[in-house]
Amino acid sequence: MPSASCDVLLDDIEDIISQEDSKPQDRHFSRKHVFPKVRRRNTQKHLQEEPRPPSDSTIPGIQKIWIRTWGCSHNNSDGEYMAGQLAAYGYKITENASDADLWLLNSCTVKNPAEDHFRNSIKKAQEENKKVVLAGCVPQAQPRQDYLKGLSIIGVQQIDRVVEVVEETIKGHSVRLLGQKKDNGRRLGGARLDLPKIRKNPLIEIISINTGCLNACTYCKTKHARGNLASYPTDELVERAKQSFQEGVCELWLTSEDTGAYGRDIGTDLPTLLWKLVEVIPEGAMLRLGMTNPPYILEHLEEMAKILNHPRVYSFLHIPVQSASDSVLMDMKREYCVADFKRVVDFLKEKVPGITIATDIICGFPGETDQDFQETVKLVEEYRFPSLFINQFYPRPGTPAAKAEQVPAHVIGERQQVLVTEESFDSKFYVAHNRFYEQVLVPKNPAFMGKMVEVDIYESGKHFLKGQPVSETRVYTPSISKPLAKGEVSGLTKEFRNRLGNHVNSTSDTCPAAPRGSAYSRMALQMSRYDCALKVAAGLALVALLLHFWPESMLTM
């Protein structure tokens, strides 16, 4: 058995644990067969429990673990399962990251910002000397990235073994479980559904009905992590729902990368599953259906309309369109056209009165023209979706769309006057605002601070614009005076300084005159205020004494 200080990267936990060895779960659940021998003690002190080992001990099962999850409801469900298993084994799940011994970071690979947050959290954990276990779609899709080297990874289909990975990580080992679960060669949906779970919201149960999908969208990195479609058997999903309702859940969320494709790999379909689930939903509880792509819902429109009209099912459906340009959809390999999307929405709006249709749009996809974009705008204006998620295109590594010529993310030809007042959080830019109070980042030229500057907008981000100062731009300040230094007191007018000086002179006959505005003057002003407060307090105390000793007959006259 390697020592706790082992620095060798192990490809899999099986390198240090054989099949004959009992797993942590087996050791934990076998405890119910152990019957302690009762011993009589004569003194009360012997009845006290053994002291708990310190949290920094290498004994597994006693440490505090902080779990952070990014991304979709499928990822959140995985995080809840991992938390439940760790807590069942004895680990303490904490909300305080700084107090934790180990960070379990459950990542999302859909967009660049989510991975950036994940990477920054890894760096912070290492700076604080925390043990780290990585999970989710980022390490599953690209486990050999430089910033993941030497760190333990639990794959998206291996979350039922999170206790083993955490246990070995605490001992100092670096292990990775990235394999797929299969049954007689057929890929399974993932870990069992009957595992322990800690719900973030005790009233909501999130059930992943399948993993992966049947599409091959050119922009999607999640496909690299979740793989092809693999559905859970209907009876297992129904049992999980029943168990959840018995535990006080009143809202059931069905999630996956594409709920509409459910069952195509196991000889069933989504409406069949939904009708069986509706039978076990108690009165007063509700079911919410997750995202479905247009191609697979088209075949079941009639049945889906009936289900979405059911009193225990929310009249809500998330159907991503991504673009209203058929040419862009073709480049995305979305396997439907705009007419298909409209057919789904029109049918459901007619058959399910008041239904909420949510959709997604990607802006700036490679090859998208202004005309393509305007077609998407027209679609939004026509349907006025009550829930609309708009995202800029992010080129994800390893996807075909990342290799295509990118649409520049900038605003062309706009020249604006901006007022520079701050420094950016990362200290790389000065922060200015245009007349619409939009944040504009400009170069850090000390001559710009506090000035109005003319810039050409050359780039846009989610919450900012970037501006390049126009050559030979006229830089001027709207203020008529030089601004005060940072920390300098404002309001010290000449008249105020004179009054302050006179006050100091009148309150001291023996002290030499101090320069106006000096530290001595300020101290004298503070002392004067203190004297005034003492006089008021003394007066109130005198009144109280008079009232106490005054004859009662005098008070009633």
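## The whole protein

How many helices and strands make up the secondary structure of the protein? There are 17 helices and 21 strands, counted as DSSP runs from the N terminus (H or I, at least four residues, for helices; E, at least two, for strands). The model is predicted, so local features need pLDDT of at least 70 and side-chain atom pairs pLDDT 80 or more, while totals for chains, interfaces and linings use all residues. Residues are numbered from 1 along each chain as its sequence is written, and side-chain values use heavy atoms, leaving out hydrogens and water.

Of the 557 residues, 44% are buried (under 20% relative accessible area with a 1.4 Å probe, protein chains only).

## A look at T259

Let's turn to one residue. T259 sits in the loop that links strand 12 (251-255) to helix 8 (270-280). Because its relative accessibility is 0%, T259 counts as buried. Its side chain reaches the backbone oxygen of M291 at 2.8 Å.

Leaving aside residues up to four places away in sequence, T259 touches I209, N210, L254, L270, L289, G290, M291 and T292 (contact means heavy atoms within 4.5 Å).

## Helix 8 beside helix 10

The axes of helix 8 and helix 10 (residues 301-308) come within 10 Å, crossing at roughly 20 degrees. Helix 8 is therefore roughly parallel to helix 10 (angles under 35 degrees).

Where the two helices meet, L270, P271, L274 and W275 of helix 8 face E303, M304, K306 and I307 of helix 10. L270 is also one of the residues that T259 touches.

Key:
Buried means under 20% relative accessible area, exposed over 50%, partly exposed in between (1.4 Å probe, protein chains only). A polar contact is a pair of N or O atoms within 3.5 Å; within protein, one must be able to donate a hydrogen and the other to accept it, and residues adjacent in sequence count only if both atoms are side-chain atoms. Axes are lines fitted to C-alpha atoms, for helices over the stretch in contact, and angles run from 0 to 180 degrees between N-to-C directions. Angles under 35 degrees count as roughly parallel, over 145 as roughly antiparallel, 65 to 115 as roughly perpendicular and the rest as oblique.
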